[in-house]
Amino acid sequence: MVTILFHSTIFGPIHSRRLGSSLGVNLSPNDGKICSFDCVYCEAGFNSQGTGTTGFPKREDVKSQLEQKLINMKEAGTPLDVITFSGNGEPTLHPEFGGVIDDTMAVRDKYYPEAKVSVLCNSTRLDRTEVVEALLKVDNCILKLDSALTPTMRLIDQPGSPEFTCEKLIPRLASFGDKCIIQTMMLRGNHKGRHIDNTTDGEVNALIEAYKLIGPKEVMLYSIDRPTPENDLQKVEKDELEGIADKIRKEGITVQVS
């Protein structure tokens, strides 16, 4: 099974194909994975690998490690475009996520005020007021919608809750409106004998209707770029992604393809 874990709380900076020079923040354990999804394409591997032994990093440790890293980068003259919450699972699962965001915004303002703070969020905890309030504070609130059709979404993302559906999710995304960016992974393949393809006309049309309802700042369309835990998946090439993006753009929606 493919498993590529981040073994520290602060990592990088790395070059993100969507965000630029990105300093990563991993709010999950550094030796395991904690996520409310179990995506077939996740570069960190399936949840079955376990949660590890280190647990969530403490809020004060996240702040001190981030601040020291920014000090070192500033002294070295290292450019920074964005501080990105991603890592070995869903960042909003951290019990002090809101406080961590407050600390991060303050430290960013002190050392790299021009850098953005981004959160890559799988959208599973948008029913929690404290999570929504924290997400609305960051510069780039990047929320996942891999399919607007529940059966496909559940096949791709494999949410832990049986009650997580597109019918519940899309109105929650719409409450963010242009304060969010929607991120959609396009792919096709097979998983446990079931075919996956969210590039069909029916899937794309459903996504377009969802995007129109949500009204995001932009949509990020991308496909597989690294090894995946499910081996039988196929990357959607950029020219095909651009063709899908053009259909979406015709509806007045801004789309970034990467």
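Buried means under 20% relative accessible area, exposed means over 50%, and partly exposed lies in between, with a 1.4 Å probe and protein chains only. By that scale, Gln158 counts as partly exposed at 23% relative accessibility. This is a predicted model, in which local features need pLDDT of at least 70 and side-chain atom pairs count only at pLDDT 80 or more, while totals for chains, interfaces and linings use all residues. Residues are numbered from 1 along each chain as its sequence is written, and side-chain values use heavy atoms, with hydrogens and water left out.

**Overall fold and dimensions**

- Seven helices and eleven strands make up the secondary structure of the chain; these are DSSP runs numbered from the N terminus, with helices being H or I of at least four residues and strands being E of at least two.
- The radius of gyration of the chain is 18 Å, close to the 18 Å given by the globule rule for 258 residues, so the chain is as compact as a globular protein of that length. The radius is taken over C-alpha atoms, and the rule is 2.2 Å times the number of residues to the power 0.38.
- The C-alpha trace spans about 50 × 40 × 35 Å along its principal axes.

**Burial, contacts, surface and charge**

- Of the 258 residues in the chain, 56% are buried.
- Among contacts with a separation of 6 or more, 71% come from residues 24 or more positions apart; a contact means heavy atoms within 4.5 Å.
- The chain exposes about 11,200 Å², of which carbon and sulfur atoms supply 48%. Accessible areas come from the Shrake-Rupley method with a 1.4 Å probe, and for residues only the protein chains shown count as cover.
- The chain has 30 positive and 37 negative charges, and their mean positions are 1 Å apart. Lys and Arg count as positive and Asp and Glu as negative, with His and the chain ends not counted; each charge is placed at NZ of Lys, CZ of Arg, CG of Asp or CD of Glu.

**Thr199**

- Thr199 sits in the loop between strand 8 (194–197) and helix 6 (201–214), and is buried with a relative accessible area of 12%.
- The side chain of Thr199 makes a polar contact of 2.8 Å with the side chain of Arg188 and another, of 2.5 Å, with the side chain of Asp197. A polar contact is a pair of N or O atoms within 3.5 Å; within protein, one must be able to donate a hydrogen and the other to accept it, and residues adjacent in sequence count only if both atoms are side-chain atoms.
- Not counting residues up to four places away in sequence, Thr199 touches several residues, including Met186, Val204 and Ile244.

**Backbone features**

- The peptide bond from Gly12 to Pro13 is cis, with omega near 10°, and Pro13 lies in strand 1 (residues 10–16).
- Ser123 is a residue other than glycine with a positive phi, near 75°. Ser123 belongs to the loop between strand 4 (116–121) and helix 3 (129–135) and is buried at 0% relative accessibility.
- Gln158 is not a glycine either, yet its phi is positive at about 45°; Gln158 is in the loop between helix 4 (150–157) and helix 5 (166–174).

**Gly20**

- Gly20 is part of strand 2 (residues 20–26) and is buried, with a relative accessible area of 16%.
- Gly20 and Leu80 are 60 residues apart in sequence, and their C-alpha atoms are 8.2 Å apart in space.
- Leaving aside neighbours within four places in sequence, Gly20 is in contact with Ile14, His15 and Asp81.
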